[in-house]
Amino acid sequence: MENEKLRQLISSWEPSVELIDGPQYLEVVVPSAQFRALAEKLRFDNQTQFDYMFNMTCVDWNDHFQTIYHLESTKLNHALVLKAKIADHNQPEVDTICDIWRTAELHEREVFDLFGVKFNQHPDLRRLLLTDEWVGHPLRKDYVDEVNMVLR
Amino acid sequence: MQAELISKEGTQEYFVNMGPQHPSTHGVLRLLLTLDGEIIRKVEPHIGYVHRSIEKMAEFDTYKQIVHLTDRLDYLSAHMNNEAVALLVENALQIEVSDRVKVIRTIMNELTRLGSHQLWWGVIGMDMGAITTFLYAFRDRELINDIMEETTGARLTMNYNTPGGLMFDLHHNFQKQVKDYLKFFKTKLPEYDQLLSGNVIFTERTKGVGKLSLADAISYGVTGPSGRASGFSCDVRKTQPYSAYDRVKFNEILMVEGDSFARYQSRVNEMWESISIIEQLIDNIPEGPIMAPMKAVVKLPKGEFYQRVETARGEFGVYVVSDGNKTPYRVKFRSPGFSNLSVLDHISRGHKIADLVAIMSTLDLVIPDIDR
């Protein structure tokens with residue numbers, strides 16, 4: 001499906017989305033409260049069928065977080081970037097989607113580990129790369145480690 | 001507590017740590033196995049033993065410096081990883097590199113892929129108890145490393161690609177060396193089939209083991225030869241051709257079985273395709289500059305960029321969020337090994353411990369790629 005049709009379809013499903021034409025993909029920014037419902041629609045609706053999540057990550061924008069999901073449909077050959085905007089920077093929370101795209105289970109654990117974003121209903125939310133005793137979340141912009149980080 | 005551990009057959013489940021120093025994990029991967037007798041009930045990967053915080057480091061580096069971090073991810077696909085960052089910068093700045101650069105990159109990619117698959121083939125034999133394959137594979141891979149060393153100056157972490165082109169030109173002997181090598185290796189590749197593909201012990205241990213369905217492969221994001229063995233058409237060289245892949249003819253190896261043997265077979269078949277790609281290009285390297293005009297300080301426009309390439313293990317992606325400065329705001333490396341590892345628990349449940357070795361080998365995991 002072309003980006004223009006995708007835009008119309010998604011804004012008819014969820015009026016609160018913000019649609020941006022990125023240099024490569026259509027970017028869909030949705031508030032974290034409405035995120036889970038939209039993700040389910042995108043995955044299971046016949047017109048979209050985004051079955052392949054090829055990347056998942058998070059960005060710290062200092063006052064809010066964005067979890068970012070790169071989605072593609074192997075059947076219909078279209079792609080977009082779905083972003084959940086998490087307004088609360090102190091206690092970031094968003095619903096898990098690891099039952100929709102199974103690859104997200106480890107990816108969400110990584111984001112939890114490095115950003116401290118909590119994924120509601122995640123079956124096994126623990127630190128992944130760092131040790132359990134680690135203090136803080138290193139990929140946050142306000143993370144300070146005076147020993148191991150060289151600031152330029 | 002005790003009652004919960006006792007399964008319905010009446011045996012008590014117990015835990016075994018496999019790794020982080022287990023020979024068949026090829027690196028520091030620790031698997032916590034929940035076992036019922038010898039049958040695997042659950043595999044829990046514990047990763048991060050070689051986590052070097054490359055994504056955090058990249059936030060403080062310029063784009064030209066980031067290239068040098070990427071070959072420390074999947075060191076067997078170092079050249080492709082370098083290319084991903086180079087392509088991302090070129091596409092973001094809309095720099096067109098010369099045909100010469102494109103063709104050289106493609107040839108080097110396929111040589112790297114050959115070397116990676118050879119190493120994997122040697123190691124899978126060794127995991128199954130056949131030392132001979134390891135010696136055969138390293139004999140052949142050594143010559144590729146020699147070509148790499150003479151061309152790029154390094155045997156493993158090449159750093160040959162840079163945003164805008166290549167570090168330096170080919171040496172005058174390159175074409176002859178590669179052609180000699182292909183001639184040599186084409187007589188050796190059938191030996192691989194004789195030694196392992198037709199081996200009864202090997203086929204018994206891999207056929208029907210660790211079946212992965214197409215739907216699961218897509219859902220878990222299993223790419224590369226492992227995904228294609230389940231019928232997932234995910235070859236970035238075909239779906240979104242980059243460099244010179246749009247001007248060569250090759251087949252995307254797709255299988256339907258999805259078991260360990262299919263994953264094995266898809267890699268062996270892919271070696272033939274790599275040879276074919278190099279043969280089509282090696283006599284047709286066009287003349288041209290090896291470096292497009294670039295500014296000394298590379299600054300990407302504000303926005304976000306994603307570049308995917310096909311490495312030996314699957315789809316490697318670089319995601320960059322730029323705020324217009326000379327260093328990126330956020331970099332994420334989508335490593336194929338990370339997603340391929342996530343499926344391990346799903347496909348090895350119900351199998352024996354010895355099967356887990358076969359499954360892990362055919363998924364072809366490289367641990368620094370997973371840990372980043």
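**Entry 1: Leu170(B)**

I began with Leu170(B), which, leaving out residues up to four places away in sequence, touches Arg100(B), Ile104(B), Thr151(B), Tyr160(B) and Ile285(B). The model I am reading is predicted. I placed Leu170(B) in the loop between strand S5 (165–166) and helix H7 (174–197) of chain B, and I noted that Leu170(B) counts as buried, at 16% relative accessibility. I also looked up the separation of the C-alpha atoms of Leu170(B) and Gly210(B), which is 43 Å for two residues that are 40 residues apart along the chain.

**Entry 2: salt bridges within chain B**

I then turned to Asp169(B), whose side chain meets that of Arg100(B) in a salt bridge of 3.0 Å, N to O. This pair links distant parts of the chain, with Asp169(B) in the loop between S5 and H7 of chain B and Arg100(B) in helix H5 of chain B, 69 residues apart. I recorded Asp169(B) as partly exposed at 35% relative accessibility, whereas Arg100(B) is buried with a relative accessible area of 10%.

Next I took Glu90(B) and Arg105(B), whose side chains meet in a salt bridge at 2.9 Å, N to O. Here Glu90(B) belongs to helix H4 (residues 78–93) of chain B and Arg105(B) to helix H5 of chain B, 15 residues apart. Glu90(B) counts as buried at 3% relative accessibility, and Arg105(B) is buried with a relative accessible area of 1%.

I also checked Glu13(B), which forms a salt bridge with Arg41(B), the closest N and O atoms being 4.0 Å apart. Glu13(B) lies in the loop between helix H1 (2–5) and strand S1 (14–18) of chain B and Arg41(B) in strand S3 (residues 39–46) of chain B, so the pair ties together parts that are 28 residues apart in sequence. At 19% relative accessibility Glu13(B) counts as buried because the cut-off is under 20%, while Arg41(B) is partly exposed at 30%.

**Entry 3: Arg113(B)**

I found Arg113(B) in helix H5 (residues 99–127) of chain B, buried with a relative accessible area of 0%. Apart from neighbours within four places in sequence, I listed the contacts of Arg113(B), among them Met80(B), Arg237(B), Tyr245(B), Glu270(B) and Glu310(B). Arg113(B) is also linked in a network of salt bridges with Glu110(B), Arg228(B), Asp235(B), Arg237(B), Glu270(B) and Glu310(B).

The largest nonpolar core has 79 residues, of which Tyr69(A), Leu80(A) and Leu82(A) touch the most other members. Apart from it I noted another core, of 69 residues, including Leu87(B), Leu114(B), Tyr245(B) and Ile282(B). Among the residues that Leu82(A) touches are Phe35(A), Leu38(A), Ala39(A) and Leu42(A).

**Entry 4: the interface of chains A and B**

I read that chain A and chain B bury about 3,400 Å² between them, 53% of it on carbon and sulfur atoms. Tyr52(A), Leu129(A) and Leu139(A) supply 17% of the area that chain A buries against chain B, more than any other three residues. The contact takes 41 residues from chain A and 35 residues from chain B. I counted six salt bridges between the two chains, and I looked up Glu44(B) with Arg126(A), where the closest N and O atoms of the salt bridge are 3.0 Å apart. The largest share of the side of chain A that touches chain B, eight residues, comes from S3(A).

Note on methods. Residues numbered from 1 in each chain as written. Chains lettered and ligands numbered in written order. Predicted model: local features only at pLDDT ≥ 70, side-chain atom pairs only at ≥ 80, totals over all residues. Heavy atoms only, no water. Core = buried A, V, L, I, M, F, W, Y, C linked by side-chain atoms within 4.5 Å. Buried < 20%, exposed > 50% of the residue type's maximum accessible area, 1.4 Å probe, protein only. Contact = heavy atoms within 4.5 Å. Buried area = accessible area lost by both parts, 1.4 Å probe. Helix = DSSP H or I, 4+ residues; strand = E, 2+ residues; numbered from the N terminus.
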